Amino acid sequence: MRFFPEKRDWTNRKLIEEIILKKYNQYYRLAYSYVHNEADAGDIVQNGAYKALRNGHTLKYTEYAETWVYRIMLNECLRYVKQARLLSYEAIQEENGMEAGYQEDDYVNIDLQRALDTLPDKDKAIVILKYFEDKTLEEISEILGENINTVKSRLYRSMKKLRSVLSDRPGSDMQNQEARR
């Protein structure tokens with residue numbers, strides 16, 4: 001542990017704080033797209049912010065600070081999804097929609113969420129970053145630390161798989177359109 005942090009550490013910390021405050025809603029949406037639970041998404045963002053602030057001294061290039069923080073948040077989402085969680089009886093009821101005051105969310109496409117959940121984590125991240133967070137392919141390749149051509153091919157394969165999964169659902173629009181032909 002360092003008792004006398006360098007000036008660079010303080011400027012990095014201030015920059016990271018500004019980024020987290022400015023992009024908090026974006027990080028929250030990212031986390032929510034993985035866990036589909038408001039409390040868990042809040043925990044993920046809080047843990048990610050803590051890790052980013054705690055490790056701010058490791059940031060070497062301030063021009064990549066936003067990408068660096070975004071990568072921390074994405075890693076935190078993936079870590080949370082992989083860890084085994086014990087669910088209470090109430091949580092299971094709530095997840096299945098059996099809670100007494102249950103109301104279905106407006107503007108939520110459950111089929112799309114389930115289809116996204118069938119994708120591997122890295123492919124799901126690419127789709128979310130591209131279509132829900134409006135990131136460019138270059139930004140996605142920086143965030144994930146992968147070649148842009150790899151990102152493009154994964155995006156193409158993921159979209160093809162999503163179309164397939166969504167068209168296989170009974171009563172889907174794609175299935176109805178094919179039946180009309």
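**Helix H7 and its surroundings**

The buried residues of H7 pack against H3, H6 and H8, where contact means heavy atoms within 4.5 Å and helices are DSSP runs (H or I, at least four residues) numbered from the N terminus. The structure is a predicted model, in which local features need pLDDT of at least 70, side-chain atom pairs count only at pLDDT 80 or more, and totals for chains, interfaces and linings use all residues. Residues are numbered from 1 along each chain as its sequence is written, and side-chain values use heavy atoms, with hydrogens and water left out.

In H7, the buried residues (under 20% relative accessible area, with a 1.4 Å probe and protein chains only) are Leu-137, Ile-140, Ser-141, Ile-143 and Leu-144. Seen down the helix axis, these buried residues fall within an arc of 165 degrees, so they line one face of H7; the arc is taken from the directions from the axis to the C-beta atoms. Ile-140 touches Ile-126, Leu-129, Lys-130, Lys-135 and Val-151, when residues up to four places away in sequence are not counted. Just after H7, Gly-145 takes a positive phi of about 70 degrees.

In soluble globular proteins, nonpolar side chains tend to be buried together.

Technical notes. Buried < 20%, exposed > 50% of the residue type's maximum accessible area, 1.4 Å probe, protein only. Helix = DSSP H or I, 4+ residues; strand = E, 2+ residues; numbered from the N terminus.
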